[in-house]
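These are my notebook entries on one chain, written as I looked things up.

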Amino acid sequence: MESSEAGESGAVVKRESEVEYESVGAAEGMRKGVLVSDADGAPNFAIRRFTLDAGASVPKHTNEVEHEQYVLDGEYTVGIDEEEYEVSAGDSLFIPAGVVHWYRNEGDEAGAFLCAVPNGDDSIELVEE
């Protein structure tokens, strides 16, 4: 297994095999892997990869920080505020801090996306329906 390589400049190359995926608390069928973060020496942003199983959904919630997302695989629905968007590979999203959002994958294949967020604390609040 190859491991992260850090150059003299502080640059890091992290191998796919080093990324550990974990289930996301209130979101059954969603998993998260942290690709790059402050733990790797990145001073400002973290990049995370999420997978959303076929049939899975994520409840309405808010985050204290903004999200920039890029859809890698699959097709699924993203709710942002009062709007619903059907997204697929190649689509990009911006979800401002504090805005209610949620996910639903009604398809037969898993979805996956990259999510960039500022480093630091992020408070997640579930929204009662």
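**Entry 1: strands and their pairing**

I started with Phe 45 and found that its bridge partner in S12 is Pro 118. I note that this is a predicted model, in which local features need pLDDT of at least 70 and side-chain atom pairs count only at pLDDT 80 or more, while totals for chains, interfaces and linings use all residues. Residues are numbered from 1 along each chain as its sequence is written, and side-chain values use heavy atoms, with hydrogens and water left out.

For the names of the elements I follow DSSP runs, numbered from the N terminus, where a strand (E) has at least two residues and a helix (H or I) at least four. Two strands pair if DSSP finds at least two bridges between them, and I found that S5 and S12 pair in the antiparallel sense over eight bridges.

I then asked myself in what order the strands of the open sheet are arranged. Six strands form it, in the order S3-S4-S5-S12-S7-S10, and the pairing is antiparallel. The edge strands are S3 and S10, each of which pairs on one side only. On average, neighbouring strands of this sheet are turned by 30 degrees against each other, direction ignored; the axes behind this value are lines fitted to C-alpha atoms, for helices over the stretch in contact, and angles run from 0 to 180 degrees between N-to-C directions.

**Entry 2: Arg 31**

Next I looked up Arg 31, which is found in strand S4. At 34% relative accessibility, Arg 31 counts as partly exposed. Leaving out residues up to four places away in sequence, and taking contact to mean heavy atoms within 4.5 Å, I found that Arg 31 touches Tyr 21, Glu 22, Ser 23, Val 24, Arg 49, Phe 50 and Thr 51. A polar atom of the Arg 31 side chain lies 2.9 Å from the backbone oxygen of Tyr 21.

**Entry 3: the nonpolar core**

Which residues have the most contacts inside the largest nonpolar core? A nonpolar core is a set of buried Ala, Val, Leu, Ile, Met, Phe, Trp, Tyr and Cys residues joined through side-chain atoms within 4.5 Å. The largest one has 19 residues, and those with the most contacts inside it are Met 30, Leu 52, Tyr 76, Val 78, Tyr 103 and Phe 113. The elements that give two or more residues to this core are S4, S5, S8, strand S10 (92-95) and strand S12 (111-118).

Beyond its sequence neighbours up to four places away, Val 78 touches residues including Leu 93, Trp 102 and Tyr 103. The C-alpha atoms of Val 78 and Phe 113 are separated by 12 Å, with the two residues 35 apart along the chain.

Thr 77 is also found in strand S8, and it is buried with a relative accessible area of 2%. A polar contact of 2.8 Å joins its side chain to that of Glu 86; such a contact is a pair of N or O atoms within 3.5 Å, and within protein one must be able to donate a hydrogen and the other to accept it, while residues adjacent in sequence count only if both atoms are side-chain atoms.

**Entry 4: salt bridges**

Side chains of opposite charge can pair when their charged atoms come close. I count a salt bridge where a side-chain nitrogen of Lys or Arg is within 4 Å of a carboxyl oxygen of Asp or Glu, and by this rule the count comes to four.

One of them joins Asp 40 and Lys 14, with the closest N and O atoms 3.3 Å apart. Asp 40 lies in the loop between strand S4 (27-36) and strand S5 (45-52), and Lys 14 in the loop between strand S2 (12-13) and strand S3 (21-24), so the pair ties together parts that are 26 residues apart in sequence.

Glu 84 and Arg 104 meet in a salt bridge of 3.2 Å, N to O. Glu 84 lies in strand S9 (residues 83-88) and Arg 104 in strand S11 (residues 101-104), so this pair links parts 20 residues apart in sequence. Glu 106 also forms a salt bridge with Arg 104, at 3.0 Å between the closest N and O atoms. Glu 106 is exposed, with a relative accessible area of 63%. Salt bridges that share partners join Glu 84, Arg 104 and Glu 106 into one network.

Technical notes: Buried means under 20% relative accessible area, exposed over 50%, partly exposed in between (1.4 Å probe, protein chains only).
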